[in-house]
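Dear colleague,

I am passing a structure on to you with this email, and below it I describe what was found. Please keep it open while you read.

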Amino acid sequence: MDKCVVGGVELQNPLLNAAGTMGFGPSYADYIDLNLLGGLTTRTMTCRPRGGAPRPRLWETRAGALNRVGLQNPGYEKFVSTFYKGLAGLRVPVIASITGTEEEIGLMTRALCALERVKAIEVNLYCEPEEYYDMGREAYLERCRRQVAAAVAAGDRPVWAKLLPMAGDVVETAAVVRAAGGRCVVCANSYWAMALDSAGKSRLGSPTGGLTGPAIKPISLFLVQQVSQRVDIDVVGCGGVVTADDVREYLAAGAKAVAVGTANFTEPETIRQLIESL
């Protein structure tokens with residue numbers, strides 16, 4: 001597969017991992033040569049360490065998985081001081097995924113842009129459903145604008161944004177990202193969902209989670225097409241990618257690259273197999 005430029009970053013090929021599905025990378029090195037990836041996206045980092053959501057965090061569905069990890073991570077400083085050392089020898093570009101307030105995003109962006117292998121900053125625009133409905137659509141879009149603008153102002157690397165598909169209209173959110181200086185959107189994150197037992201109790205340790213896997217691919221494919229046709233911004237398709245045909249569909253819908261998520265859990269060699277098939 002040929003090199004391509006997506007969101008201001010030259011990728012070795014158009015296949016990446018979705019944020020959070022390969023940790024910070026080295027933990028998957030026993031299963032796959034990370035240098036085969038078009039680019040490596042880190043776990044989403046926050047300014048301070050986060051313990052994550054209560055357990056259980058995962059429930060398998062008929063065509064995917066429902067999860068609520070709660071952005072568990074050791075904080076960006078631990079990544080800079082420790083985990084980055086496992087990436088320094090890679091040939092592939094690293095996309096550092098972050099989230100937080102605009103002040104926190106500015107702080108993290110400045111530190112991460114000092115790392116040679118980090119070629120882009122991905123701002124994860126995720127929020128919980130309760131939080132979104134409390135703040136409302138306009139306030140959410142304004143928060144997205146401030147988050148992206150903070151990353152653009154603080155660093156010298158291209159800024160990407162990971163869209164939340166059920167928070168308003170992703171086309172509108174993508175337009176906000178573009179206006180704030182973003183170069184690329186990842187479309188899309190998981191979909192708010194739930195699973196209940198016969199007594200009406202959540203099967204997760206939290207009331208809701210995020211649905212991923214093959215079940216969401218037709219919806220995400222539609223969103224990719226809409227964003228790519230209506231907003232002048234590069235798009236990375238993400239959601240339910242398992243086969244080479246899935247990759248081809250996303251590229252046909254207008255994506256410049258494709259991110260593999262849940263399939264990395266079920267078969268860690270999925271991206272290698274996709275590259276060989278394509």
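A residue is called buried when its relative accessible area is under 20%, exposed when it is over 50%, and partly exposed in between, with a 1.4 Å probe and protein chains only. The model is predicted, so local features need pLDDT of at least 70 and side-chain atom pairs count only at pLDDT 80 or more, while totals for chains, interfaces and linings use all residues. Residues are numbered from 1 along each chain as its sequence is written, and side-chain values use heavy atoms, leaving out hydrogens and water.

Helices (DSSP runs of H or I, at least four residues) and strands (runs of E, at least two) are numbered from the N terminus. In helix α7, residues 244-252, the buried residues are Ala244, Asp246, Val247 and Tyr250. Because they cover an arc of only 160° around the axis (taken from the directions from the helix axis to the C-beta atoms), they lie on the same side of α7. Among the elements that cover them, by contact (heavy atoms within 4.5 Å), are α6 (217-230) and β13 (234-238). After α7 comes Gly254, which has a positive phi near 120°.

Helix α6 also meets helix α5 (residues 170-179): Val170, Val171 and Ala174 of α5 are in contact with Leu223, Gln226, Val227 and Arg230 of α6. The axes of these two helices, which are lines fitted to C-alpha atoms over the stretch in contact, with angles from 0 to 180 degrees between N-to-C directions, come within 9 Å and cross at roughly 45°.

Best regards
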